[in-house]
Amino acid sequence: MKTISIVTLILAIALCCNCTFSATQGISGTGTVPDTLDRILVNQVGYLPNSVKIALLRVKTLTFNVVDINSGKVVFTGNPGPFKYWDQSGDSVCTADFSSVTTPGKYSICIDDKSVCSYSFEIGEGVYSDIAKASLKAFYLNRSGMEITKEFGGKWARPAGHPDTLVFVHSSAASANRPEGFKIFSPGGWYDAGDYNKYIVNSGISTYTLLLFCQVYPEYCKNFKVNIPERSNSTPDVMDELLYNLRWMLTMQDPDDGGVYHKLTNKKFSDFSMPDKANDARYVVSKSTAASLDFAATMAMASRVFAKSETPELKELGKTCLGAAKKAYTWAKANPAIYFKNPPDISTGAYDDTDVQDEFLWAATELGLAENNLALIPEKGLAKQETRVPSWGNSGMTGILSLSLSIDPKVSEYKAEAQKRVLAFADKLVDKSENSPYKVSLDFFNWGSNSDVANQAIIKLLAYKISKDKKYLASIQGDVDYLLGRNATGYCFVTGFGGKQVMNIHHRPSGADGVTEPCPGFLAGGPNTVVLSDCPEITRSKFPAKSYADALCSYSTNEVAINWNAPLFFLLGAMDSFKK
Ligand code: 9MR
Ligand code: 9MR
């Protein structure tokens, strides 16, 4: 893969053939002047006509212009807000509000008589359609055990890899009926991320997020079409895609005792080969309490969503899911503290967690909702659960989200309390974004920080769904804008989109396929300072919001993952559903 985006270069030349830096002065905290195209930060994909539209300027200017790219005409002139310093990025920015531009078209924000312009963007009702589709299609491109054909994969077509029709039971997972070396059949599912392994904990939350999307936006889902092999059947394509993973998850349960294997994996991370060339032996490793609970919660949620489906097979599958959920939960109750740890001979991702109270809460809540059994819902646990964005290791809040949307009158009391908490949390997030120089709620950069932005947006979207209060919309837009370019790195973080594109994701197929462009539709993990040593040759910024490298070696900032793309799709699908 090449390191510089062709699109970036062409745009730079087209927009800025006379790049003097005269009247405008760099105001970056480090004293360095950002690249010309990074001096004005915009959402490089676009805005719905009636949305709030705010760009960020890193240069001092009295006015800014919105320029129609086709005609070259200035359609709006505005005055920026005051400069504000962000300790997370180490620089100052000011807002350029151009919400009053609503005419569909292609634009750029310029200052100084067009000597400094932003990347281009669109205004229109359809601006999120392609990117929402791509962000779901990314799951298809990460399917294990299936050939990605030209018809559906285009230039990212590849042979099938990891059939997982012959998987060994690892010593850590051995049981009386399935001793060490026993062979099981566990095909399908999505690769977790840039690696080729499949982990139940992370699969659970990702699948749940897509199920939640189907629950919250049923009409949109019905009409949402993606070019995947199942597109012609009567099941919505989002559901088809998640079924590919859910059916694999079901194979990870030991039919004898109901316990769920933590992961299906190679002993160590493979090199950057294509899936069909990376054929080391595969193992299921150790059952764990967390995996069993996340599995139970996801299956219980699936049973509720499938019960509403119009297809008899899905209704039937829903019953299977509920049965599997109950068995896994029973196992976890009997084995409440089997915390996963990599055995000495296994070094792939651990998704380890020694506090499973939140997983218990999530599973119990989902089972209570699925079985209409109020007694199962852990009242005390709910009260104790801290309000936070859900993640693979902290899923308790997910139960609260499910409760807040329940339609079962039996849980109405819990529902009211859950809604109150979702709204209070969303209000706090809105408050943060309003006061943030970069207009985002994010103020802490973890591994996968971009997914935290998308997950925060989900909280606000649910608050909007519950309250119909438009006050959430500007903040949600801010999250979209951040991910699509209005951030301290200037990158549009979804592969295949934007002017400054991410080209070198830590994703084995993208790194090995010989195609210049990475597989499209993936959300890069994003900036953080958790691991600074992943690329020995690259020194990253000490400012968390800028500590990002578009380099294949940067697994800590530039990997992709199903639990990051799921909230991305949720957010982009929701935005697309708002079109008129
Ligand atoms: O490629 C691996 C990636 O998929 C994981 O998310 C990441 C963190 O567990 O690890 C990557 O593998 C790296 C390993 O941890 C350390 N040596 C370099 C490997 C990347 O090439
Ligand atoms: O997303 C995970 C992150 O929260 C952890 O800090 C990190 C290190 O343990 O691992 C991340 O998950 C990786 C997993 O272990 C292996 N597949 C790739 C995942 C994304 O980087």
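How many Å separate a polar side-chain atom of Arg508 from an oxygen atom of ligand 1? In this predicted model, the gap is 2.8 Å.

Ligand 1 is surrounded by Asp195, Phe269, Trp447, His506, Arg508, Tyr555 and Glu559.

| Residue | Distance from a polar side-chain atom to an oxygen atom of ligand 1 |
|---|---|
| His506 | 2.7 Å |
| Arg508 | 2.8 Å |
| Glu559 | 2.5 Å |

As for cover, ligand 1 has 450 Å² of accessible area on its own, and the protein covers 57% of that.

Now for the disulfides: the count comes to two. One of them joins Cys110 to Cys117, with 2.1 Å from S to S. Is this pair buried or exposed? Cys110 has a relative accessible area of 2%, and Cys117 has 4%. Buried means under 20%, so both Cys110 and Cys117 are buried. The torsion about their S-S bond is about 105°, so this disulfide is right-handed.

Cys535 and Cys553 form a disulfide too, and their sulfur atoms are 2.2 Å apart. What is the handedness of the link between Cys535 and Cys553? With 110° about the S-S bond, that link is right-handed.

Note on methods: Residues numbered from 1 in each chain as written. Chains lettered and ligands numbered in written order. Predicted model: local features only at pLDDT ≥ 70, side-chain atom pairs only at ≥ 80, totals over all residues. Heavy atoms only, no water. Near = heavy atom within 4 Å. Polar contact = N/O pair within 3.5 Å; in protein donor to acceptor, adjacent residues only side chain to side chain. Areas by Shrake-Rupley, 256 points an atom, 1.4 Å probe, with all protein chains shown as cover. Disulfide = S-S within 2.5 Å. Buried < 20%, exposed > 50% of the residue type's maximum accessible area, 1.4 Å probe, protein only.
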